[in-house]
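Work through the exercises below with the sequence and the model side by side.

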Amino acid sequence: MIEFVLSAAQSVLMIALAPLFAGILKKAKARMQHRNGSSIFQPYRDVAKLLRKNETVSESSSLLFRFIPYVCFGSMVLLSLMTPFFFVDVAAPYGDLISMVYIFTLYRLMMVLGGLEGGSVFGGMGSSREMMMSVLIEPSLLLSLMALAGLTGGSTAVSDIPRELIGMGVIVLAPALVLAASSFFITLLAENSRVPFDNPSTHLELTMVHEGMLVEYSGRGLGLMDLSSMMRLMIFSSMLCTLFFPWGMALTASPFAIFVGLAAIFAKVLFVTLAIALIESYLAKYRLFRLPNLLTASFALSLMAMISLYIL
Amino acid sequence: MFSVYEELFISLMFIPAAAGAIVGMIPIKCSGNVAAFLCGTSAFFGILSYPLYLYGGDIAFTFPLPSAWGPYSILIDELPAMMISLSSAVFLAVLAHMIFSVSVSAEGRYSSTICALFISCMLAMCADTVILLLIAWEAVTLSTFLMASGKNGAAAWKFLVIAHIGGLMVICAFLVMLSYSGDHTLSSWSDLGNAMGLPASCGAIALLFMGFGTKLGLIPFHVWIPDLYASAPTHTSALMSTVSSNAAVMILFKSIFGYIGVSEGMYVLAVILMAASSFTAVWSALESLVQTEPKRILAYSGMENMALVLLCFSIGILFSDGGSPGLMTVVLVAGLFHVMNHSVFKSLMILAVGSAEDCTGETAIEKMGGLAKIMPAFSLVALVAVLSMAAIPPFNGFASEWLMIQSMMGGEGIHMTEIILPLGVAVLGISGMMAAVSYARLYGFMFLGRPRSEKPVSSKVGTAVLVPMAALALLCFAMGIFCSQIMEKLARGVAAATSIPSDDSFVNHLSGTLNMPIMAGILLMAIFAAYVLSRAFRKKSARSPTWDCGTPLDENMQYSSMGFSQPLVRVFHPLYGDVVEISDDESSENRKRYSIKFAEPFVEHLYVPIGNLIMRGARRVGSTQNGNIQTYLGYILAVLVVLLVAVRFV
Amino acid sequence: MDAAISGNLIDLCVVAMLLLSMLAMTTTRIAQLLNAFAVQSLFLAFLAFVIADSTGHTELFIMGGITFAVKVIGIPWAMRNTAMRLHAGREIDSTMGIPGSLLVSATLIIVAYLVTEPLMATVDTIARNCLAMSMSVILIGLFMMVTRRKAMAEAVGLLIMENGLFLGVMSISYGMPLVVEMGIFFDVLMVAVIVGIFALRINKAFDSIDTSVLRRLKE
C-alpha cells in the first residue's frame, strides 16, 4: 500500500515539478548569455495565466482541434504514471518501455494533426518537419531501449530495469549502457525540440518546428500544450536518470531511502537540465538537412550499444 | 448428434452465397442487391464459426462431390475458425457499405463475383484436401480479377499474370509436398520436412513464400498493387486487401509451420526471407509517402503491413533454428494477430476513402481537404482507422506491433540471432513510423485544413453507410482492448496447428506486460479530467480566421501534400530516383512548369528488360512462321525424320 | 586492480576507439580528423597500460609509451604542420554523405562481428573481446581510404587501420616482439613523413591534393 502511495506521489511530483525545471533551464540559459533572465517560477505563472484566458480557435478547424490539447495532456499524465522518479515502483505498471515509445508517438501524431488543422502554412511546415525527424528518431529510440533491456536480461518492464541495474553493481558501467544513454540523450534533444534540432524560443518562420505546430493555439489550449511539452521534457529526463543511471533511487519505502532518492533524482535531473542549457548556449540550431547526420549518429550509437552488448 | 448442426452450419454458410452467385447472373434490375444480400446472409453465418468452434470443437465436413483426386473435405479448427469469423465480419461490413452506398449501383455480375470470392476465400482458409485448396486458391485469383476488371483493364491483367506466376509456385510447392506425403488429406500432414530433407523443404518454403508473396505484395512482385487499387472499385480493393490476404497468410502459415515444419539448419533461408520482407516494408513505406492518390497510399500501406507479417514468419523460422519454441509461438501470434487487425482497419480505411471520393468526386489528395468540418462523424470514424493503422494505443494496430517488438526483444539471448533481431526492430521502427507519417498525411490532407477546391463536397455520407464503418471502428477499438485474450486464443491455435510443444502459458515468454483495458482507462480518464478541469475555469471560446500574416488565404495557400513529405523525400533521396521535368507552360509565355516524377525502378530495371527479352525471343520464333505452305511441310518432314531417328536409336 | 574494473576499462577504451573511428568518418575538417586520430591513439596507449598492469606483460608499457609519443603527439603534430603549409587542405571531400558512411560503417561492424565470432572462442586472453572491435576499426579505416579524396585523409585512414591492427595484436597475444613493433612504428612514421612530402609535391604539381586528380597521370 505504502509503495502505491509513494509511486502515485512521485507521479504527482513529476507533473508539479515539470514547469520548475523548464524555468531552471531558461534561467540557466539566460545566465550563460549574461542576461538576468526571468524567475525560475515564471513557467507556472505563464501556464496559469494561459489556462485562465479565453480560447480563440480557427474557423476552419474541426472539433478534433479542440480536443488535441486534452489528448496530449492526458497521454503525458499516463506516461508520468508509468515513469519512475525517485522511487523504483511505478503507479501504473500496465505497459512497458515499448508502449511508452508508442504513447510518445500518440502525442506527436496528435500534435502533427493539430498543426494541419486550420490550414495555416506554419502549421503544415512544422508538422512536416516534425514528421521527418520522428521517422529518424524512432529506430534509435527503440534500439537504445532494446539495448537497455538486453543489458538487464531482457526485461522491458519499467520498474525491473532500475532494480536490475543497481543489483549488477559496477560491472554494469559497460560500454553498452554508456552508448545507449548517449543515443537516448540525442533522441531526448530531438524529441523535445531542443537546439540543435529546433529552437524552442524562436518564432521565426524559417526555423520553427514545434512552435510552428502550436501557432494556432491560444488560451487554454496553448496552456495545456505548453504544460504537456514541459512534462515531456521532464519525463524524458527522468527516464534518462532512472532507467539508464538509477543509482540513488529508493528501492524500499524507508524514510532514509526516500530522502536519498529525492536528493539523487533532483541532482540528476538538474544535471541533465544544465547540460541541455549548456548545449543550447554553445550550439547553433542546425540546418534542417544537416539533422539526419546527427540522427544517424544516434542510430549508429544505439546499434553499437546493441553490438557491444554481445561482443564485450 | 452434433454432426447435424455441422451440416446445417456449413449449408447456411455456403448455400446462400452460392445461390447469390447464380441470382447475380440473372439480368434483372434488382439481382445485384439480392445477390449481395444473400452473400451477406452467408457472411453473417460465417461469423458464427468461432463461437460454434468454442462450443462444439472442430467442424469437419466432406462435400458429396465425385473426384479423381480424393474427396473435397473441409476442417475448421481453432485458427481457421477465428479467421473465418473475422473475415466474415469484414465481408458483412463491406457488403452493407456496398448495398447502402448511393453512388454504387450493385450490378448483378459484380455481386455474383463477390459471392464467388466469399465462397472461395472461406474454402481456401479451411480446405482439408490438396485439390480443394488449390482450386479454391485459383478461384480467389479469378474472382478478384473479375471484380477488378472495371475501368482499367491493364491493371487487372497485370494482376492476373503475376498472380498466376505465384499460383504456379504454390502448386509446385504443394505437389512436392504431396509427393513426399502421399496423402491427400492436409490435416494428416505434419513435419513433412523430416521426410523431405533440408534442401527440399527449404525450397518448398521459399516457393510458398514467393507464391503467396505475389498476392501480398512482396517486392518485386508488387507492381500490380498500386495500379489495381487505384482503378478497381472501392469494395474490390477493400475485400482484396483484407479477406484474400487473410486467406493467403493463413495457408502460408499452415503450410510452412504445420505441414512442412521448420527445423534447425534453416538459418540462411530465414535471413534471406527476413531481408526480402524488411526491404519490402521499408520500400513500400517510402513509396507511400510520395503518392498523390489516397488509394495508392493505402495500396502501399497494405504492402507494408503484409511485409511485417512476412517478417514475423521469417523470424519464426529463425527462432526455431535457435531452438526456442516459446518465442516462436509469440512471433507467430504477433504475425497472425497483425493480419487480423490489418483486415479490420484497412477495410475501414478503404471504405472511408471510397466514401470520401464519392462525396467529393475527386481522386487526388491535393483537391480534398476540410472534410472533418463538414462531416464530423464520418471523420471521427476515419480517424479511428488512421490511429489504428499508425499503431497508436489503445487501438488494435498497436497491440500487434507491440507484440512483434516484444518478441524480437525477447530473442536477444539466442545464439546468432542477436545481431539480426536489432535490425528487425530498426526496420519495424522506421517503416512503422514512416507509415504513420503517410497516414497522418492522408488524414491531414483529406479531412483537416481548409478545402482545396471551390465546392468541397457534392453529397454527404449517409447514416446508413456510416453504420458498417462505425461497426468496424468499434471492432478496431475492441480488438485493441481485448488484445491479451485474443493473443492467448491465437497462441492456443498456433500450438495446435504447428505441433510446437507448448509446455507453459504464452504470457511467460513475454518480457513485459501490457494491460490494455487499464491503460486505455487511465488515458481516457486523464483526458476527461483535463477537459472537465479546464472547463471549470471559463467557458467562452471565440472563432476567428486562421492567422494569415495579413494576407487573406485562398484555397491554394496552404501546405500541399507533396510539400509535406518533401523533407523525408530529400533525406531518402538516393532511394527515390526522382526525375524533375521542366516544360514550357502552354498558357502563358516565359513560364515553366516543374513536375517531379518518381521512377519505378522495379518496372524499369526488371520487368521491362524481361519483357524485351521475351519479345525478342518471340520475334525470333516468329521469323520461322513465314506463312509459306512449303516451309511448314518442311518442318513436318524435319520433325518426322528426327522422331524416326530417335525411335530407332533410343 | 580489480579484474572486473580493468575489464570494464578495457571495454570502455576499445569502444571509445571504435567510436572515434566512426567520428573520424563524420568529420569534414582535417584538423578534427587529426584530433580524432590523436585521441584514438591516446585510448590505444591507455589500453596498453591497462592490459600491461592487469596481466603483468611489462613490455606493453614500452609499447604504450611509444604509441603515446609517436601517434598522440608526433604524427598529428607533423601532419598538422603539413596541412598548415598547404593552406588549401582545410576541408575533406568525401564521395559519400555522412549518414551513408555511418550506415556503411555500422554494417562493417556487424560483418566484423560475424567474421570474428567463431575466432573469439579460441583465444584465451583478457582482451579477446576486442578482436571484433579491432577488425571493425581496420575495416572502417580502409573504408575511409576508399571514400576520402584528399591525400591527407587517406593517410589518416591508413593510420587508423594501423591502430586497429595494434589493437587486434594486443587482444590476441599481448603484443608482438619488441623489434617488430619498433619496425612498425618506424614504418608509420615514414608514412606520415612521406605523405607530408608527397602532399606538398602533389599540391605543387596539380594545385590540389585531391588524389582523384592523379588519374591525369595516366595519359
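**Exercise 1. Find how far apart the C-alpha centres of domain 1 and domain 2 of chain B lie, and describe the side of domain 1 that touches domain 2.**

Solution. Begin with the bounds, which come from an automatic or database domain assignment: chain B has domain 1 (284-505), domain 2 (567-598) and domain 3 (601-649). The C-alpha centres of domain 1 and domain 2 of chain B lie 32 Å apart in this predicted model. Next, look for contacts, where two residues count if their C-beta atoms, placed from the backbone, lie within 7 Å; four residues of domain 1 of chain B then meet five residues of domain 2 of chain B. Finally, sort by class, with Ala, Val, Leu, Ile, Met, Phe, Trp, Tyr, Cys and Pro as nonpolar, Asp, Glu, Lys and Arg as charged, and the others, Gly among them, as polar: the side of domain 1 of chain B that touches domain 2 of chain B has four nonpolar, no polar and no charged residues.

Two conventions apply throughout. Residues are numbered from 1 along each chain as its sequence is written, while chains are lettered from A and ligands numbered from 1 in the order in which they are written. Because the model is predicted, local features need pLDDT of at least 70 and side-chain atom pairs count only at pLDDT 80 or more, whereas totals for chains, interfaces and linings use all residues.

**Exercise 2. Describe the side of chain A that touches chain B, and say which element gives the most to it.**

Solution. First take the totals: 71 residues of chain A are in contact with 68 residues of chain B. Then assign them to elements, where helices (H or I, at least four residues) and strands (E, at least two) are DSSP runs numbered from the N terminus. Among the elements of chain A that give two or more residues are helix 2 (42-52), helix 4 (97-116) and helix 5 (121-151), and helix 5 of chain A gives the most, with 16 residues. By class, this side of chain A divides into 42 nonpolar, 20 polar and nine charged residues. Last, examine the strands, which pair if DSSP finds at least two bridges between them: strand 1 of chain A runs parallel to strand 3 (residues 541-544) of chain B, and four bridges join them. Within this pair, A:Val57 stands opposite B:Arg543.

**Exercise 3. Determine how helix 5 and helix 11 of chain A pack, and then do this for helix 14 and helix 17 of chain B.**

Solution. Axes are lines fitted to C-alpha atoms, for helices over the stretch in contact, and angles run from 0 to 180 degrees between N-to-C directions. Helix 5 and helix 11 of chain A pack at an angle of about 20°, with their axes 9 Å apart. Angles under 35 degrees count as roughly parallel, over 145 as roughly antiparallel, 65 to 115 as roughly perpendicular and the rest as oblique, so helix 5 of chain A is roughly parallel to helix 11 of chain A. Helix 5 passes helix 11 of chain A in a left-handed crossing, a term used if the near helix is turned anticlockwise from the far one by less than a right angle, with right-handed for clockwise. The residues of this contact include A:Met133 and A:Leu136 of helix 5 and A:Leu291 and A:Pro292 of helix 11, and by class it has 16 nonpolar, five polar and no charged residues.

In chain B, helix 14 (residues 325-360) and helix 17 (residues 396-410) pack at an angle of about 160°, with their axes 8 Å apart, and they are therefore roughly antiparallel to each other. Their crossing is left-handed. Among the residues that meet are B:Phe337 and B:His338 in helix 14 and B:Leu403 and B:Met404 in helix 17; the contact divides into eleven nonpolar, seven polar and no charged residues.

**Exercise 4. Locate the cis peptide bond that joins A:Val195 and A:Pro196, the cis bond from B:Ile219 to B:Pro220, and B:Asp191, with its positive phi.**

Solution. For the bond between A:Val195 and A:Pro196, omega is about 5°, and A:Pro196 is in the loop between helix 7 (175-191) and helix 8 (210-213) of chain A. For the bond from B:Ile219 to B:Pro220, omega is near 5°, and B:Pro220 is in the loop between helix 9 (198-216) and helix 10 (224-231) of chain B. Phi of B:Asp191 is near 50°, and this residue is in the loop between helix 7 (153-181) and helix 8 (192-196) of chain B.
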